[in-house]
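Trainee: Please take me through one part of this model in close detail. Say how each term is defined as you go.

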Amino acid sequence: ALADMHQALRYSPNNGNVLQLTAELQFQTGHAQRCLTTLHHLFEAAPPGEEPREALWLAGMAYGAVGRPEEAVTNLYAASQKRDPPPELLYQLALAQNNAGQPGEAATTVRQALALNGEHQASQTLLAQLEGAGVPGVDTLIRR
């Protein structure tokens, strides 16, 4: 499938859908750096401020995979600012914030995810971990 996507890019190098699918396949096959290269091409082709949420989300995940937590936070935050972010995106942002040494922000973000879906298991687990780590302010957030 990835070879087919590369062939499609030969004929339409700025096609956002093909770039997005290619980046997703690259990420799924463990090539996060290649995924980022493809996403940067997609971002260059998109009008400023109109980058697709899915591409920003994927960029955040890929940056996290290559050990660049600050860039992961930046991209996931940008994705979360698009209309109606899903709980999973907010969870991923909270996880990236925690990995970037921002546990207080992570606690706030994971609470937002839980406000959207109180049954989101990964968010519940992350919040419990933050509480167990003694993150300032987390206890008061949980008990509200």
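Mentor: Start with a residue at the surface: alanine 133 has 60% relative accessibility and counts as exposed. Exposed means over 50% relative accessible area, buried under 20%, and partly exposed in between, with a 1.4 Å probe and protein chains only. The model is predicted, so local features need pLDDT of at least 70 and side-chain atom pairs count only at pLDDT 80 or more, while totals for chains, interfaces and linings use all residues. Residues are numbered from 1 along each chain as its sequence is written, and side-chain values use heavy atoms, with hydrogens and water left out.

Alanine 133 lies in the loop between helix H8 (121-132) and helix H9 (138-142). Its C-alpha atom is 9.4 Å from that of proline 103, 30 residues away along the chain. The protein has nine helices and zero strands; these are DSSP runs numbered from the N terminus, helices being H or I of at least four residues and strands E of at least two. Buried residues make up 38% of its 144 residues.

Now the part for the close look, the pairing of H4 and H5. Two packed helices are described by the angle between their axes and the distance between the axes. The axes of H4 (residues 53-65) and H5 (residues 69-80) come within 7 Å and cross at roughly 160 degrees. H4 is therefore roughly antiparallel to H5; angles over 145 degrees count as such, under 35 as roughly parallel, 65 to 115 as roughly perpendicular and the rest as oblique. Axes are lines fitted to C-alpha atoms, for helices over the stretch in contact, and angles run from 0 to 180 degrees between N-to-C directions. The crossing of H4 and H5 is left-handed, meaning that the near helix is turned anticlockwise from the far one by less than a right angle; clockwise is right-handed.

Contact means heavy atoms within 4.5 Å. On the H4 side, the residues that meet H5 include Arg53, Leu56 and Trp57, and their partners in H5 include Asn75, Leu76 and Ala79. The residues of this contact divide into nine nonpolar, three polar and two charged. Nonpolar covers Ala, Val, Leu, Ile, Met, Phe, Trp, Tyr, Cys and Pro, charged Asp, Glu, Lys and Arg, and polar the others, Gly among them.

Alanine 79, in H5, is buried, with a relative accessible area of 0%. Not counting residues up to four places away in sequence, alanine 79 touches Arg53, Leu56, Trp57 and Leu89. Its C-alpha lies 7.3 Å from that of glutamate 54, 25 residues away in sequence.
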